[in-house]
Amino acid sequence: MASSKTKTLLIYKYLVDYSDENNPLSTTDLIDYLMKDGMFCERKSIYADIAVLKSVGFDIVRTYSPKKGFFLASRKFELPEVRLLIDAVTSAGFITPNKTKRLVEKLETLVSKNQAEELVSQVYIDSETKCDNEEIYYVIDALNDAIISKKQVTFKYKRRNIDKENKKSYTEKTFTVSPYALIWEDDHYYLVCNNAKYDNFMNLRLDRMKKVEKLDDDARCVEEISEYKGSFDVADYASKMFNMFSGVNSKVELLCDLELREEIMDRFGAKIPLTAVDTDHFKTTIDAAVSDGLVSWIMTFGDKIKVIEPESLAKSVKEKAKSIAALY
């Protein structure tokens, strides 16, 4: 016969699995669940178990309308938080369809089964945009371990081939790099690292990596290839990247249409300086890595952004515009 302690734990489990504000469990419900698990009890003992659970800190609320019963009012994650996590997982291109499904199922356990069913009905997984690298968890774990221990890593990096017959094939290249950080950007996961042949950073996608191995060789000091002192500044680096293209950091002055003020603040933060030029335009200065990614970002706004400085960037935008126009 199961002990009273087991009964108390089972009641807590039922409240976790089946109760929420819209679906309280009555004492009859709890007794029925206990009977299915081979336990028989009196109604008054249910109240005693609820009191014990509340005394150790569980936020169990008794409700009388529209239905009498008890429900677990506080969980580690609220329903909107779980919704956000599920949306992030389903949109992440570096998580395979199989791992996406399993991870979503785990996230569903953070809410009641009734709430989980409502969430599942809204979940859509686009397998076409997902990677097929089932090693991705191992890749993340191995790279994280190497970053913490400041060791070099080696791995195979896969790229899709392009051929006239449109056959799906790939080429693999072996990389040995010093790893510094993992960054999630535009629904892809990137490793910021350094190839010893060059004095700069490179960004490589994790979903294209396989057979990651940590080496005994120490990673290259970040001071040797950047302005960072002591450690790599992930937030600073990410804020200066556009589409994860590496480049030389520079002060960039932009002339923008007034209607772009919200988009500029969304991209660079509310503290960015916005200086009025006239009733329709403002100027701003940003710190950014000058690269093809920055050129592409500027061009998405058409004639609503003009590069003032540096001149080299303005020239690159102009040349890109000419090359696009030449296609048509």
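This is a predicted model: local features need pLDDT of at least 70, side-chain atom pairs count only at pLDDT 80 or more; totals for chains, interfaces and linings use all residues.
Okay, let's start with the pocket: the lining of the largest pocket divides into three nonpolar residues, five polar and ten charged.

Residues are numbered from 1 along each chain as its sequence is written, and side-chain values use heavy atoms, with hydrogens and water left out.

Back to that pocket. There are 18 lining residues, and Cys131, Asp132, Tyr170, Arg205 and Asp207 are the ones nearest the centre. Strand 3 gives the largest share of the lining, three residues. Strands here are DSSP runs of E, at least two residues, and helices are runs of H or I, at least four, numbered from the N terminus. The space in the largest pocket is about 330 Å³.

Now, helix 7. Which of its residues are buried? They are Ile136, Val139, Ala142, Leu143, Ala146 and Ile147. These cover an arc of only 135° around the axis, so they sit on the same side of helix 7. (The arc is that of the directions from the helix axis to the C-beta atoms.) Over on the other side, Asp141 and Ile148 are exposed. Buried means under 20% relative accessible area, exposed over 50%, and partly exposed in between, with a 1.4 Å probe and protein chains only.

And what covers that buried set? The cover includes helix 5 (97-108), strand 3 (151-160), strand 4 (170-185), strand 5 (188-195) and strand 7 (209-218).

Lys150 is exposed, at a relative accessible area of 55%. Lys211 also has a positive phi, near 55°, but Lys211 lies in strand 7. Lys211 counts as exposed, at 55% relative accessibility.

Last topic, the cis peptide bonds. One joins Ser65 and Pro66, with omega about 0°, and Pro66 is in the loop between strand 1 (60-63) and strand 2 (69-72). Another joins Glu309 and Pro310, with omega about -5°; Pro310 is in the loop between strand 11 (305-309) and helix 11 (311-327).

How values were computed:
Contact means heavy atoms within 4.5 Å. On a 1 Å grid over the protein atoms alone, a cavity is a set of points where a 1.4 Å probe fits but cannot get out, and a pocket is an open set with protein on both sides within 12 Å along at least five of seven lines; lining residues have an atom within 4 Å of a point. Grid points are joined across faces, edges and corners, and a volume is the space filled by probe spheres set on the points. Ala, Val, Leu, Ile, Met, Phe, Trp, Tyr, Cys and Pro count as nonpolar, Asp, Glu, Lys and Arg as charged, and the others, Gly among them, as polar.
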